[in-house]
Amino acid sequence: MAEVAENSLPADDQTSAPDGHSAPPTGGASDASVTENTPPEFDNELPTEPTPDNSIADEAMPEAEPVGEAHPAVTAIMNDRYIIDGGRPIPEMDTKTSKAYTAVDRQDQSEQLVALVCSRGAPIRGDLLKQLKNQSTRGMLQVIEWDAIDWPPAGGKTMCIIYERPLGGRVIDSIAQGKARISEYDVVNKLIEPLIAAISSLETIAQPHRSIRPGNLHFLDAARTTIVLGDCCSGPPAYSQPAIFETIERCTASPSGRGMGTSMDDIYALGVTVIITMLGYNPGRDKSLGEMLAIKLDRGSYAAICGNARIPISLVEPLRGMLNDDEPSRWTTEEVRAWIDGRKRTPQQRKGQPKAETPYIFASRPHTSPRALAYAFSRDPEEMIRTLKSDENFDSWIRRSLGDDDLADRIKFVMEQAKLTSGTPGADPSVVSARICSMLDPRGPIRFQRYAMMPDSLSFALPTEVVMRDNKQLISDLIANEVYESWFKVQERNPPDHLIWHRNFVQCKRYLGIREPGYGIERCLYEMNQGLACLSPVLKNQYVTTLRELLPALDVTANQVDSEVRPLDRHIMAFIAARFDEDIQPHLRALSSSDEQRRTIGMLSLLAFIQWKTNVSTLLGLTSWVGGLLQPAINSYHSRTTRKEIEKAIPQLVRQGSLPELFNLIDNAEKRRTDDDGFSKAQEEFGAAESEIQEIESDDGLHQSKLLRSGQKITSMGAILVSMIVITVMLISEVF
């Protein structure tokens, strides 16, 4: 049997460039321009050259951060029970967002376990982990435990997931080494049946797997008789998937933007997995993503993926059903089960995609499908705008070859509107391109600046792009410019899910429009992903996912940071606003004030409020930390005596570890009133004295004149008095 070449897949499934990203595609305005202008967020889904042979190897997967090389000196302990050995990596179980290491259970050292240490900041699928923990699900590795561990190579605490270890290794490795073989006669029992069981189990809890591919299949037992699916929780849905395992709608989305999807996406991935595993190689290994997309649109996924390969006749029917590009017609888990049980069904006819009678040439390549052209346009928005401005044939191509006058009119309106509003954000080539691409491919992703996302991916795309890939500006611009609106406007119907997705985008735009602490892109992160840990640099050695965990984490951090650093930064304030049910707007307004005294009191009041509401006990470290930052608040009192009394009382309250008590000391209403009254009285007394002084000094000449006249009067009176005394004495002398 030929060997499985999973990494000889089109587009993003090939060998990596030296920097860890895949090589750029041909196409666009020119090969050079595409290569030069390729942003990092789209690198790992651009076409590369196929591998020179059909050796079994998983796809190249650039890491978000290097967390998983062998680290012999690093050992972590989870929940005082599980030991993660950094010196014993298990590379065959690595994913794009995690590295695998040997784990040992202290209570049962005979248990074979593997620990996936996740990249710090990677959004995990916490909801699914909660439901899978200690649940034995056929066709899947069992989740034993998951929690945060201190992992220095990751830069602090990060999430770790412990699975049972598959004793037979990866399926494709075993096939390559000649230790196992999956023929057409046992593919149903060994591969399709257990994987359908896993998909069905996940379907009951409305959670698709989204990581079904040959490289993620493992033999559970050493005898290599039982196949199970590997990890699907250590990163965003489908983030580690090569594009060939994604449907037409989702394959052109960026890895972080492929979205949660449904079990129907798993069925599709299962069909591709069966073909590649059965054949031992990928029939489309020499195709780029753009070329594969065009073939899928022209002939359907089954024909595009199988190519000229010979598929066993017994598998043609189920594979056509699983790879049906019309989702309502694609086989469900029940239909696959029915086929396994021997019940036949009438094959569904594939619905053809809109196709032009003559091709439209863009970037020197012919395009007969508007959906394929939308992908090509999205690769080079500037060239698209230049082409549509100068090429009058595009309008006639839409009208005549596609026969769609309405589409032509709408695109023409967008171009004219962009011309009239030149210089505004709405006329930016990336925004205009997004609108036109959504019109050409309504079922495809939202496309913006060579980044593409399905609307159900927002909760995972935000942390992946903003934190892991440092694309904060790109995702912010996508939301702020309301690029998403073009997608929702072209949908034929708006089911409840669409309304929820749209509301999420609108909510994020509102947060981005507010510059104050507690809002911005940070607020979007925590509102859209309730399981995301707080990403504040202050908490890099902690893993905080709930409000109740925040203050104890800050308490521990208090002894590890510069005492002059404030415990509330933008990330922590946004985290509090997203996780706290109480109204904290007054606190946020105080924290955004330009007055340092008010900011300090706002910081203390918010922390005290949280400690009171969450009923967290003594916080000695945090209280001491905050107490050392209160001088501006203390200085807000006018009375020196009061300030000295507060400064003297703070150490005693710090030893109690109570922020509410500290707040009552600093911002006591009665004390404030007494201080204000005393200050008002002092102001009045000072004012009176000042008035008297000013009156004395107001007119110096008049004052001197008054003094001279007063002196003269006194001198005259004195002279008269002296004269009278002298006369009296003289009279008395004469008498005697």
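Arg447 touches Thr252, Ala374, Tyr375, Ser378, Ser430, Ala434, Cys437, Asp441, Ala452 and Val483, leaving aside residues up to four places away in sequence, where contact means heavy atoms within 4.5 Å. This is a predicted model, in which local features need pLDDT of at least 70 and side-chain atom pairs count only at pLDDT 80 or more, while totals for chains, interfaces and linings use all residues. Residues are numbered from 1 along each chain as its sequence is written, and side-chain values use heavy atoms, with hydrogens and water left out.

Arg447 lies in strand E11 (residues 446-448), strands being DSSP runs of at least two residues (E) and helices runs of at least four (H or I), numbered from the N terminus. With a relative accessible area of 4%, Arg447 is buried, a term that means under 20% relative accessible area with a 1.4 Å probe, protein chains only.

A search of the whole structure finds 13 aromatic pairs, counted when ring centres of Phe, Tyr or Trp (its six-membered ring) lie within 6.5 Å. The ring centres of Phe488 and Phe505 are 6.3 Å apart and their planes stand at 70°, so this pair is edge-to-face, which is the class for planes over 60 degrees apart. Phe488 belongs to helix H18 (residues 484-489) and Phe505 to helix H19 (residues 496-512), and both residues are buried.

| Charged residue | Ring | Distance to ring centre |
|---|---|---|
| Lys96 | Tyr239 | 4.3 Å |
| Lys613 | Trp612 | 5.3 Å |

How values were computed: Buried < 20%, exposed > 50% of the residue type's maximum accessible area, 1.4 Å probe, protein only. Phe/Tyr/Trp six-rings, centres within 6.5 Å; stacked < 30°, edge-to-face > 60°. Lys NZ or Arg CZ within 6 Å of the ring centre and 35° of its normal.
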